[in-house]
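Please open the structure in your viewer and keep the selection panel at hand. The tour below goes from one stop to the next, saying what to select and what is there.

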Amino acid sequence: MSRRTRKAAKRKKFKKTMIWTVSLLLAGILGYGTYYGTSFYQGLDSLQKNGEASPFRNVEQVDAKAPEPPKWEGTEPVNILLMGVDARGFAEDEIPRSDTMLVASIDPVDETIHLFSVMRDTYTDIPGHGKSRINTAVTHGPNTAMKAVGDLLGIPVQYYVYTDFQGFIKLVDAVGGVDFYVEKDMKYGSKADNHEYDIDLKEGMQHLDGDKALQYARFRYDQMGDYTRTERQRELLKAVAKKLQTTTSIMKLPDILESISPYIDTNLDVSDMWKLANVGYQSEMKGSEQIPPMKLVVETTVGGASVLTVGNPESLKDYVQDVLNPPAPEVEESTGTNSSTSTPNN
């Protein structure tokens, strides 16, 4: 065989090898893409619980009296009620009061997100159940909770996400924890739960896993109590959301969803989750506020118990609108004289 023939054979063999290598690589990518897409879809679908799997199965008939939330078309602002509960000591079919209530307001046009923390002791109307603390609304079902919060803030609440302590721990662990600054030493112990949820954090920048993140989110044993706790929760949630937007977390989304699914319930369907995921990834966290704000809070007692009321409910609704749609800054009129203006002839 001549040298030229041998070279031609080598080139042909190399070309054939490269074709097979590229083909296998493409097949692997397509296979992973199919697996990722299927797993992602199944993970999203598993978050919505129905029938006996729903934590609200025993209150569905009662909750049906509350109006259905308005549908989201995908182009206008959407508001999601995030509810975290402390399920310790409750039976599987019991619904505890909300320990945490936040509203995420997402504007797909402006690509912005606002967070509102609703103080759990806010005394307000619970649709169909008279007046009570707002954290009792969820015990009557998610529709009732969404309507109560929406009426308080003066905005439609279309969706809810419901979880407990374990769901929050699993989420933070699934994204690999968060780097976060703890502003002071935090310590609290309780014999009631055999010290399972004791709080012991040191001041400073540190890496919080799920357990430590929950400790930080729960701490309210200082002078300002729930006021500062809600602010800490918003800041921590922003850190977790930012971590979810990283490439590493996005690649791990099927695993993340599998970890948190047993502890989550929502009325979001897969289509809406997908739309929101796209909007959320491109959106900027614009601000976070406490509801009601300090200037509108009135501390009082009802039936011998301390509660928070709103001095002027309409002012609260106006406040929320000003946060979501800030008024344009006023333009000051110039009072100076334009030196280039010619003086008319006499």
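## Two helices in contact

Begin by selecting Phe 165, Phe 168, Ile 169, Val 172 and Asp 173 in α4, which meet Gly 210, Asp 211, Ala 213, Leu 214 and Arg 218 in α5, contact meaning heavy atoms within 4.5 Å. Six of the residues in this contact are nonpolar, one is polar and three are charged; Ala, Val, Leu, Ile, Met, Phe, Trp, Tyr, Cys and Pro count as nonpolar, Asp, Glu, Lys and Arg as charged, and the others, Gly among them, as polar.

This is a predicted model, in which local features need pLDDT of at least 70 and side-chain atom pairs count only at pLDDT 80 or more, while totals for chains, interfaces and linings use all residues. Residues are numbered from 1 along each chain as its sequence is written, and side-chain values use heavy atoms, with hydrogens and water left out.

Now show α4 (residues 165-174) and α5 (residues 210-218) whole: their axes come within 8 Å and cross at roughly 125 degrees.

## The cavity

Next, select Asp 99, Thr 100, Met 101, Ser 117, Val 118, Met 119, Arg 120, Asp 226, Arg 229, Thr 230 and Gln 233, which line the largest cavity, a cavity being a set of points on a 1 Å grid where a 1.4 Å probe fits but cannot get out, and lining residues having an atom within 4 Å of a point. Colour β2 (98-107), β3 (112-118) and α6 (226-244), the elements that each give two or more residues to this lining; α6 gives the most, with four residues. The lining divides into three nonpolar, four polar and four charged residues.

Notes:
1 Å grid on protein atoms, 1.4 Å probe; cavity = no way out; pocket = protein on both sides within 12 Å on 5 of 7 lines; lining within 4 Å. Axes fitted to C-alpha atoms, helices over the stretch in contact; angles between N-to-C directions.
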